[in-house]
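Subject: A structure for you to explore

Hi,

Here is the structure I promised to pass on to you. Please open it next to this email, and then read on for what turned up.

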Amino acid sequence: MKSFRGAAQFRHSLRFKLVGLVGGITVIAIVAAWIISNNLTRSFYILNARSNLITTYESCNQLFLDASGVPARFEIAAGEIYEQVDNPSNATIFIIDYSNTKVYSSVVVTDSIAVSLQNLIDLTNIRELAEGGTKYKFLNHEDSFDLIGVLDNGDIIILERPLEQLNSSILFSTRLFLIVAVVILSFEASLVLFISGTLTRPIIQMSHVARRMARLDFDAKAPEDRKDEIGELGHSMNELSLKLEDTVSELKSANASLSQDIEEKERIEEMRSEFLSHVSHELKTPLALIQGYAEGLKDSVNDDPESREFYCDVISDEASKMNTLIMKLLNLNELEFGNEPLKIVRFDVIEQIRGIVAANKILLEQKNVRLIQPEETPVFVWADAFKMSEVFTNYLSNAIHYVNEGGEIRISVEHMTGADAAKRAAERGEAEAVPKDPGSDSGGSTAELKNVVRVSVYNQGPKLGEEALQKVFVKFYKEDAARTRSYGGSGIGLSIVGAIQKSHGQDYGVYNVEDGVVFYYDLDGTGAIGD
């Protein structure tokens, strides 16, 4: 199949067409020349034969007029006449002295020749030839071409040239012409094939380059080392390749930017739909309570101060929860869209933690929690202090709500390298290492951190399920919705933690331990411990 395809491709190639065109024109020219020459050759040979016969006639006429150089006329032998006469056409010579009935011939005269000569003389008006300006004429016979005339001395001359010799010369010339034509045609075809190959080779290379360019392979370059039009074409193709590469690169960049814009728009639309869905769900319960208690106040409890105060407290509490939810949503929205710039400062994270713990002392005492805090040795870090206080507050609040009654909450602050953090994650196992954003690879970046401070908050209580480990930082996710609602949780606090840590480029996560759960977050630990 490959050879057939190659042959078909060659038949349609410019090289084949060029060879065919030049060869066809040459064949037509040769055929035309052969037809013309075949028609003219006979005329040419006849003209040449007439000229040669005239030469022989004049030589014989001169020989017989010049008596000094000739033996006695009637003693001249036929062989001597043949040797002394200029006879380029090798014609048979007959000189007849009609008055003395003598024949001087270059060949032996037989009876049949004698009869033929007599008949020729009888059919010719000898007197008219002798008295005319031209004393000879030509005769065409089936087998010969003859000249009959009268010499100046009055003798009759007959020159005979066989047509067989003439035809043989014509046939030889024709064969020679055909042989030369075939040789020329073969040489020309080879020469044209070679020249066309030399000319079309760069064109074929350019064709291959064009195919690679069509496949967006712009490393291919056309040859442009020639000084002719082909070199100029190669230079133009290379310029086109560079411009196409730049254009394709610009299009890809524009397409990537457009794809990002579309993805961002889709993400924003998805977030908007999710936001509306979750907000409507979260606000539905407090709004229903507010509406119910407001109607109760209006209908039946106006005369009971105690009931009226209770109803008002419920309405106030639910309104406060709604306000808190809305504020958290606005805060999360600003964090996710990066509208609020970070204010990075150097601060003591131990001091910050102890201050937040002190503010939550009443809640800790209500659940009879055993609290273990880190040592008071200062640990300085670089971060947005206000946002980091929000991160720790959310972790501590979450621990207080889920810790067992009379259980333990343990806060630890460790100074470690990125390799230490990665080692600990490996020891826990990949199943417990939690990515903060499903589909994101930021959770595996701890090994690249050179110097971090890790704050961990452990609470003794129920472990998180596998799904919760993966989704606990997802906005509005609640593993136990009823329990979360009982203490007023909205499912946004941990999402705020994730957004803050992402804005800082630091790690965070959660994992189960034997009797509880540990939440952690990292800080830039380039500040010195104990300063």
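A nonpolar core is a set of buried Ala, Val, Leu, Ile, Met, Phe, Trp, Tyr and Cys residues joined through side-chain atoms within 4.5 Å. Buried means under 20% relative accessible area, while exposed means over 50% and partly exposed lies in between, using a 1.4 Å probe and protein chains only.

Two notes on the basis of all this. The model is predicted, with local features needing pLDDT of at least 70 and side-chain atom pairs counting only at pLDDT 80 or more, while totals for chains, interfaces and linings use all residues. Residues are numbered from 1 along each chain as its sequence is written, and side-chain values use heavy atoms, with hydrogens and water left out.

**The cores and helix H11**

The largest nonpolar core has 41 residues, and Val 349 and Phe 392 have the most contacts inside it. Helix H11 gives the most to this core, with seven residues. A second, separate core has 19 residues, among them Leu 53, Tyr 104, Leu 151 and Leu 163. In soluble globular proteins, nonpolar side chains tend to be buried together.

Contact here means heavy atoms within 4.5 Å. Not counting residues up to four places away in sequence, Val 349 touches Val 379, Val 381, Val 413, Val 455 and Leu 523.

Helices (H or I, at least four residues) and strands (E, at least two) are DSSP runs, numbered from the N terminus. H11 covers residues 385-402 and reaches 26 Å from its first C-alpha to its last, close to the 26 Å expected; that expected span is 1.5 Å times one less than the number of residues. Of the 18 residues in H11, 13 are buried.

Leaving aside neighbours within four places in sequence, Ser 389 is in contact with Gln 352 and Ile 356.

**The sheet**

Five strands form an open, antiparallel sheet in the order E2-E1-E5-E4-E3. (Two strands pair if DSSP finds at least two bridges between them.) Strands E2 (102-105) and E3 (136-140) stand at the edges with a single partner strand each, so one side of each has no neighbour in the sheet.

Four bridges join E1 to E2, and five join E1 to E5. On the E2 side, Ile 96 has Val 103 as its bridge partner, and Phe 94 has Ser 105. Ile 96 also stands opposite Ile 156 in E5. E1 and E2 form a hairpin with four residues between them, and Thr 101 in the turn has a positive phi of about 50°.

Why is E1 described as largely enclosed by the rest of the structure? The reason is that six of the six residues of E1 are buried. In a regular strand the side chains alternate between the two faces of the sheet. Here both faces are covered, with Thr 92, Phe 94 and Ile 96 on one side and Ile 93, Ile 95 and Asp 97 on the other.

Thr 92 is in strand E1, which spans residues 92-97, and its relative accessibility is 18%. Leaving aside neighbours within four places in sequence, Thr 92 contacts Ser 106, Val 107, Ile 158, Leu 159 and Glu 160.

Enjoy looking around!
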